[in-house]
Amino acid sequence: MNIFPANFSGRRRIGLIRQTEAAECGLAALAMIANWHGHEIDLNMLRQRFGVSARGMSLRQLMQTADAMQLLPRPLKLEMAGLHLLNLPAILHWDLNHFVVLERVERERAYIVDPAGTARWYEFDEVGRHFSGVALELRPSQDFRAVRSKRPLRFRDLWSGITGLRRALAQTIILSIVMQAWVLASPFYLRTAVDEALSSLDSNLLITLAVGFAALALIGAGASLLRKLVLLSSGAALSYGITSNLARRLFRLPIAWFEKRKVGDILTRFQSILPIQRFLIESAPIALIDGLLSVLTLVMMLLIAPQLAFVSLLGLLAYSAVRLGLLRAEKQREAEYVKALAREQGAVIETLRGIVTLRLSGREAMRHAYWQNRLTDALGARYLHERVKAWHETAKTLIPAIELVLVVFLAIRGSMAGALSLGTLFAYLAYRQQFVQAGQSLLDEGIKLRLLDLHLDQIADIAQTQEDRGFAEPLVQPAFEGRIELRNVHFSYGAHDPLVLAGIDLSIAPGDHIAITGPSGGGKSTLAKIILGLVDPVQGDVLIDGRPLSQYGRRAFRQHVAAVLQDDVLYAGSIADNVASFEEVDMEHLRACLSAASILDDIDAMPMRHHTLVGDMGSTLSGGQKQRILLARALYRRPDVLLLDEGTAHLDLDHEAAVNRAVSALGITRIVIAHRPETIAAADRVVRLVGGKIAEG
């Protein structure tokens, strides 16, 4: 990202850094000011250094982060009249739940750079409707150093491991050169036919020219067909490889990454691969060809008619000036459209997932109105984006038309004076048409490349986030005794958030049956995720058989562990598919697990038995049936440790008792998080979580 974008005033400008999640506006604003002072850092690097929780940042937390970056924070409470007294750029508290950057103040207006994706002037009365009266000045301390710690995502980072691309590129270039032979030779056919065959009425020469150039046209057409086939083949391989690489990284990201982002935002990031694929598969080869063609045709134009070539070149330069002049606005409008589209898609996904709740509360009309507002925003952003494109599309038509008028006028006048033959004029006009088309196409593809920065930023949030640490740890261990110990474990959702767990000490022996209880929202589910290695404590250790979990290996540990968590889901497919995790089904073991989960009789009563489809995320099943199938899925793994987070909350007492008897007979370690007295009473040991600490009860 360019920190000092071009502007005609010569004033240094704030480079917009867009937040990728709703809670990190403060982090993005801080990154913009750090960049302005010379500490070039992108949001991804800043996020990894100072992670922010999904709950957002307070002003105090923002000041602590700024101090860690060697910036001196100074919070101020002021009226609108005091904005011009601030040391700029500064951060403003906006709409009581957002942070923006104030870049400059002139007369009765302020230029606001919003991490949500906009940068524009606000009149003071409009600022007053948003500004909460709290500002934060940030000055470099004596220890501040101007450094470059950006790590931009590059195209080659996306196609690692894909083979055959160089060969396909070489084939494309060779076939393109063959095609250019026809493109460059065809104007000579016009020139020779008009100036020599027509003037001398030589039919034999005309026939010879026609046959020769027809053969050349066939060769060019064949080369064009082969090139398209090569591009289709290599494009499919490239598209598959890039998408597969990105999806692999997405599926391996830490659980905390997903918890901070909405599904709609994640989908928008992942779908940003589509314009990049189109550019690499379609636009990039065309740009290479058009670049070569524009240079060659310009050379031929200069050889035929230098003065006319100068006019055509000026026309292309004029169009280039318009395109580059509109680039900043087009980039901003496209960013706004992408963000608005993400919000609209997120609203649809949330609505579909909560349709039952809407029906019960009778709030369909209100939700529809909410979605309509998001749709209006998206369509409005698209209109503004298309309006910018309309200007350069008009220039794309108008400038060459004016240039053609001048060329024809000068050419005909030169022909009248005997300086230019009719055949040469025809040849020049043919070259000129090819030059204008190729030159404009090359410029347009170059602009597309610049606009891809937005999508690369979106993808960088996936591609440059570190994978879950478990993938770099041992996959298997020679033995598993089953001793689990937590020592002085602390956890908070963000670097500056209050502790949810504060000094947890817990020892679980093989075969233990422990119930963990306590007030709702007290961190029991978080404790379960720490035991499972899904999230890491900010302090303390989790030991498996006396070894730190990172040394034992999270995936090695999980081979012996199964769990039923509150947010577990079933996937589209049959009951057997879900229990066996879509692997080959061991029918005898499947039925044993279904019986242990007290669901076998229900399934045998279904017309398709274990082949019954579960619907979308288990929509065809009752809550109790779904929970028992989830339990059967956990038991199917033959675990040594079973963790249930309210795993039997939807069961009646008889089914729960049957499940407890069956699981108890397995002799495995059980960790149960529950509120029901019957579930807690069945445990051998009860651990109560109070105030972030545990007490045996």
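A residue counts as buried under 20% relative accessible area, as exposed over 50%, and as partly exposed in between. Asp536, at 28% relative accessibility, is therefore partly exposed in this structure, which is a predicted model.

**Salt bridges**

- The count of salt bridges in the model comes to 31.
- One of them joins Arg269 to Asp461, with the closest N and O atoms 2.7 Å apart; the pair links distant parts of the chain, since Arg269 belongs to helix H8 (residues 263-271) and Asp461 to helix H13 (residues 422-463), 192 residues apart.
- Arg269 and Asp461 are both buried.
- Asp536 pairs with Arg469 in another salt bridge, where the closest N and O atoms are 3.6 Å apart; because Asp536 lies in the loop between helix H14 (524-532) and strand S10 (539-544), and Arg469 in the loop between H13 and strand S7 (484-491), this pair ties together parts that are 67 residues apart in sequence.
- Whereas Asp536 is partly exposed, Arg469 has a relative accessible area of 57% and is therefore exposed.
- Asp604 and Arg609 also meet through their side chains in a salt bridge, at 3.4 Å from N to O, with Asp604 partly exposed at a relative accessible area of 29% and Arg609 partly exposed at 38%.

- Sorted by class, the contact of H10 with H12 has 26 nonpolar, 15 charged and 5 polar residues.

**Backbone features in loops**

- The peptide bond from Leu88 to Pro89 is cis, with omega near 0°, and Pro89 is found in the loop between strand S1 (71-77) and strand S2 (90-94).
- Leu96, a residue other than glycine, has a positive phi near 70°; Leu96 sits in the loop between S2 and strand S3 (98-106) and is exposed, with a relative accessible area of 68%.
- Arg107 likewise is not a glycine, yet has a positive phi of about 50°; Arg107 is found in the loop between S3 and strand S4 (109-114), and its relative accessible area of 76% makes Arg107 exposed.

How values were computed: Residues are numbered from 1 along each chain as its sequence is written. This is a predicted model: local features need pLDDT of at least 70, side-chain atom pairs count only at pLDDT 80 or more; totals for chains, interfaces and linings use all residues. Side-chain values use heavy atoms; hydrogens and water are left out. Ala, Val, Leu, Ile, Met, Phe, Trp, Tyr, Cys and Pro count as nonpolar, Asp, Glu, Lys and Arg as charged, and the others, Gly among them, as polar. Helices (H or I, at least four residues) and strands (E, at least two) are DSSP runs, numbered from the N terminus. Buried means under 20% relative accessible area, exposed over 50%, partly exposed in between (1.4 Å probe, protein chains only). A salt bridge is a side-chain nitrogen of Lys or Arg within 4 Å of a carboxyl oxygen of Asp or Glu.
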